[in-house]
Structures are given as C-alpha cells and as structure tokens.
Amino acid sequence: MDNAQLDATFTALADPTRRAILARLARGQASVTELAAPFDMSQPAISKHLKVLERAGLVSRGRDAQRRPVRLEAGPMGEAAGWLETYRRLWEGNFARLDDVLAELKAQDNN
Amino acid sequence: MAHDLDVETPNDLEIHLIRRFDALPRLVFEALTRPDLVRRWLLGPDGWSMPVCEIDLRVGGAYHYRWRNDESGQEFGFVGEFKEIEPFGRIVNSERPDDQDGGDSLVINLIEAEGSGTKLTLIQQFETKALRDMVLATGMAGGVARSYERLDEVLVETA
C-alpha cells in the first residue's frame, strides 16, 4: 500500500460518522437509507461520506441499479499479508524519525 | 543506523513491534515522553502534523495527541492515562480516540538496554481479534478501531 493509499485510509477513518458506517457494515451490507437512519443527516451527506470510504477502498457499492447495497471491501481490511505491510510501513516511518531525534539527543549529550 | 522493525502477532489480541535504537535507554525514554520530541516522530503517513501533544507523565496522569492532515485539515486524536511508569524502563497507558468515553486499549512500551543501545518493544492489547485486525489493516492505533465496536453497540441499542 503506497503512501497515497495509506493517507486516504487515515482520512477515511478520522471521522466518527465514517467509523460508525464501517461498524454498521461489519454486521452486513446495507442500503444508503439504512446507513443514514441513525444519523441526523441527509442521504446526500451520507453519500459524501461513502465516496470518501470508496476512494480509500474500504467499501464498495453493489451493481444492482435499484438498490446498490454498500458493503465492506475485503481489500484493505481483509488480507493478512497486506495488513502487516501497511502497519509496518507506518511504523518504519515513525521509527526512522525517532532515529533522527535520538541522534540529536546523543549529540547534545556529548557537548 | 536504521535497524529492522519486527511486527509480530503472537496471539489474536496483540500486536508487538520490536525495534532497536543506537541510543541509551534513558534517551529513548525521553524521546517517548517529552512532548517537544514526540511530536517530531509520532506522525503516521506523510502530510500529517501533530498540533496537540500534551503529556502529564505520572501514574494517573493523562496525555492527549492530536494529528492533522495539512492539506485537507482533517484531524483526529487520542487520549489516555498512564498506568505504570518505570523511568527508562517501562511505560503502560490506556488509549482511546479523544471523541469517545471509555473503550480503551492498552499500550505497553518496554525499554531495555542491549549492548550500547536499546531494544524497544511496543505492545498493543485489544479486546477482540476483529479490532486488532482492523488496526493492522489501517495502521492506526488501537483506539480508533475500538471506537467501531462502541459505535456498533450504540447502533444496536438505538435500532
């Protein structure tokens, strides 16, 4: 997963409404109407959130023209090898920065 | 020198990160607990900064982290309390998104001297396998994943 994908995933998840939508979809697919029901929010507003989740590859829309059910996408949330790789890349970045911070602290210690 | 990062899942509920550093445990502990230092490395993907980094480093003390996507303005944050602090050795704290009450995960940082350097083991403990797996999938810390379950519970109650 490249940085753009990781960033899209973070953005998708950094919103309580979107997290709630994912929690609902974890129990099974749903229509936009069903997803909108618990929130004081219009369907177009929910659809905006769904677009963000779709772009991050976290949900997909069925092809049934009438209903277009929304479901959790197996991709980013469902493949063991891919998961570890995402997580690893994130923390490798963090720890590389921590290396730099520690190098500075050592230099200060020596002076 | 950049050491290798080990990511392990020794059981269904935990993620272990193991990473070595060319610095003494005292300095690693400092970099993990001083806000001015933490905000320089605990950032996640490129493009995210850390506008809030508050740490009250004592048992029972709280911390608050907040990250921001510099381009979109999207923000999210974590809070938690320190359960155990062993200077230069061990830090145990709870963790949850800052927009919810309760639903904590547990984070353990083990800092051990190894030769002239340090071995850091970061352990995250979750309440369910599903949450642990979601964290792995998204790269986010346990608190966000935990919020799914709480919101799911709320949705079930209000259905």
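The following exercises, each with a worked solution, concern a predicted model.

In this predicted model, local features require pLDDT of at least 70 and side-chain atom pairs pLDDT 80 or more, whereas totals for chains, interfaces and linings use all residues. Residues are numbered from 1 along each chain as its sequence is written, chains are lettered from A in the order in which they are written, and side-chain values use heavy atoms, with hydrogens and water left out.

**Exercise 1. Describe how α2(A) and α4(A) cross, and which residues meet.**

Step 1. Two packed helices are described by the angle between their axes and the distance between the axes. Axes are lines fitted to C-alpha atoms, for helices over the stretch in contact, and angles run from 0 to 180 degrees between N-to-C directions.

Step 2. The axes of α2(A), residues 16-25, and α4(A) come within 10 Å and cross at roughly 75°. That makes α2(A) roughly perpendicular to α4(A), a term for angles of 65 to 115 degrees.

Step 3. With contact defined as heavy atoms within 4.5 Å, Thr17(A), Arg18(A), Ile21(A) and Leu22(A) of α2(A) meet Ile46(A), His49(A), Leu50(A), Val52(A) and Leu53(A) of α4(A). By class, this contact has six nonpolar, two polar and one charged residues. Ala, Val, Leu, Ile, Met, Phe, Trp, Tyr, Cys and Pro count as nonpolar, Asp, Glu, Lys and Arg as charged, and the others, Gly among them, as polar.

Step 4. Nine of the ten residues of α2(A) are buried, so this helix is largely enclosed by the rest of the structure; buried means under 20% relative accessible area (1.4 Å probe, protein chains only).

**Exercise 2. Characterise the largest cavity and its lining.**

Step 1. On a 1 Å grid over the protein atoms alone, a cavity is a set of points where a 1.4 Å probe fits but cannot get out, and a pocket is an open set with protein on both sides within 12 Å along at least five of seven lines; lining residues have an atom within 4 Å of a point. A volume is the space filled by probe spheres set on the points, which are joined across faces, edges and corners.

Step 2. The structure holds one cavity of 30 Å³ or more.

Step 3. The lining comprises 23 nonpolar, seven polar and one charged residues. α6(A) gives the most, with four residues.

**Exercise 3. Identify the lining of the largest pocket.**

Step 1. The volume of the largest pocket is about 200 Å³.

Step 2. Its lining includes Asp7(A), Thr11(A), Arg55(A), Asp46(B) and Glu71(B). α1(A) supplies the largest share, four residues.

Step 3. The lining divides into four nonpolar, four polar and four charged residues.

**Exercise 4. Locate Gly44(B) and name its contacts.**

Step 1. Gly44(B) lies in the loop between α2 (35-38) and β3 (48-55) of chain B, and is buried, with a relative accessible area of 11%.

Step 2. Not counting residues up to four places away in sequence, Gly44(B) touches Leu90(A), Asn94(A) and Arg97(A).

Note on methods:
Helix = DSSP H or I, 4+ residues; strand = E, 2+ residues; numbered from the N terminus. Parallel < 35°, antiparallel > 145°, perpendicular 65-115°, else oblique. Buried < 20%, exposed > 50% of the residue type's maximum accessible area, 1.4 Å probe, protein only.
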